[in-house]
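User: I'd like to learn how to read strand pairing and nonpolar cores in a model. Could you walk me through one?

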Amino acid sequence: MIYVTGDTHGEAQRLSPSRLRALKAGDTLIVCGDFGFLWDDSKKEQKLREQFGKRKYNICFLDGTHENFSLLNNYEVSEWNGGKVHRIYGNLYHLMRGQVYHIDGQTVFAMGGGESPDIDIRSEGDAWSRAEIPTREELLEGAHALEKEDYHVDIVVTHEPPLRIKGFLQLKDYDSLRVTALNAYFEELSDSCTFGKWYFGSMHMDKYISSTHIAVFQNILRADTGEKV
């Protein structure tokens with residue numbers, strides 16, 4: 001069984017065994033960006049990663065906009081369930097951008113990354129990295145991965161939402177809406193591909209936008225149905 005949740009931002013309680021008691025051996029939980037447990041590489045943080053990796057189920061995460069990309073990209077790239085990953089420790093994995101995974105009989109397309117809303121006042125190294133923005137090569141890799149699946153997957157997991165979804169969610173604050181190339185890419189993907197469910201975490205809300213598009217934050221959802229557990 002595959003489950004999804006939203007940005008954890010290094011809050012260990014979000015991934016406590018009691019909160020994840022629905023997960024059984026061999027299940028997979030996907031965090032939709034801003035994982036937060038690869039930030040300062042402190043002893044405490046390392047211990048938490050080891051604890052997560054020793055669970056009987058898999059914990060996987062996308063990168064978001066608040067990541068230590070230098071630390072993350074130091075991990076060796078390997079393959080897991082048909083797609084590229086950084087294996088952090090044991091059953092703890094970073095799902096890399098533009099990959100399709102075959103998990104429990106379901107196909108999952110993953111694309112992390114985004115663009116910080118305050119990017120205009122950020123500078124490289126000021127708790128910000130331009131690596132948060134997917135490269136052209138990563139976007140093309142995602143398109144090629146989807147082509148191999150005949151443009152159909154069961155589940156899409158991203159940090160950012162498609163353009164129209166983002167506009168709808170920020171309608172009351174439309175003047176400050178930041179439209180990025182990534183949002184436009186997801187809009188094209190949403191129109192050209194078929195999928196069962198699409199989950200995204202950057203909006204920090206739990207909201208069913210439609211039968212297919214779901215914003216997730218605190219909730220833990222069954223990926224195939226969108227049902228809260």
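Predicted model: local features only at pLDDT ≥ 70, side-chain atom pairs only at ≥ 80, totals over all residues.

User: How many bridges join strand 1 to strand 13, and do they run parallel or antiparallel?

Analyst: In general, strands of a sheet pair through backbone hydrogen bonds, in either a parallel or an antiparallel way. Here strand 1 and strand 13 are antiparallel and joined by 2 bridges.

User: What is the strand order in the open sheet of 7 strands?

Analyst: The order is 4-5-6-3-2-1-13, with mixed pairing. Strand 4 (77-80) and strand 13 (221-222) each have a single partner strand, so one side of each lacks a neighbour in the sheet. Helix 1 (residues 43-53) packs on this sheet, touching strand 3, strand 5 and strand 6. The directions of helix 1 and strand 5 make about 120 degrees.

User: And which strands form the open sheet of 6?

Analyst: That sheet reads 7-8-9-10-12-11, again with mixed pairing. Its edges are strand 7 and strand 11 (207-208). Helix 3 (residues 136-148) lies across strand 7, strand 8 and strand 9, at about 165 degrees to strand 8.

User: Which residues touch the most other members of the largest nonpolar core?

Analyst: As a general idea, nonpolar side chains in soluble globular proteins tend to be buried together. In this core of 22 residues, the answer is Ile30, Trp80, Leu95, Tyr101, Val157 and Tyr199. Strand 1, strand 6 and strand 7 are among the elements giving two or more residues to the core. A second, separate core has 21 residues, including Ala145 and Leu182.

Definitions and conventions: Residues numbered from 1 in each chain as written. Heavy atoms only, no water. Core = buried A, V, L, I, M, F, W, Y, C linked by side-chain atoms within 4.5 Å. Buried < 20%, exposed > 50% of the residue type's maximum accessible area, 1.4 Å probe, protein only. Helix = DSSP H or I, 4+ residues; strand = E, 2+ residues; numbered from the N terminus. Pairing = 2+ DSSP bridges. Contact = heavy atoms within 4.5 Å. Axes fitted to C-alpha atoms, helices over the stretch in contact; angles between N-to-C directions.
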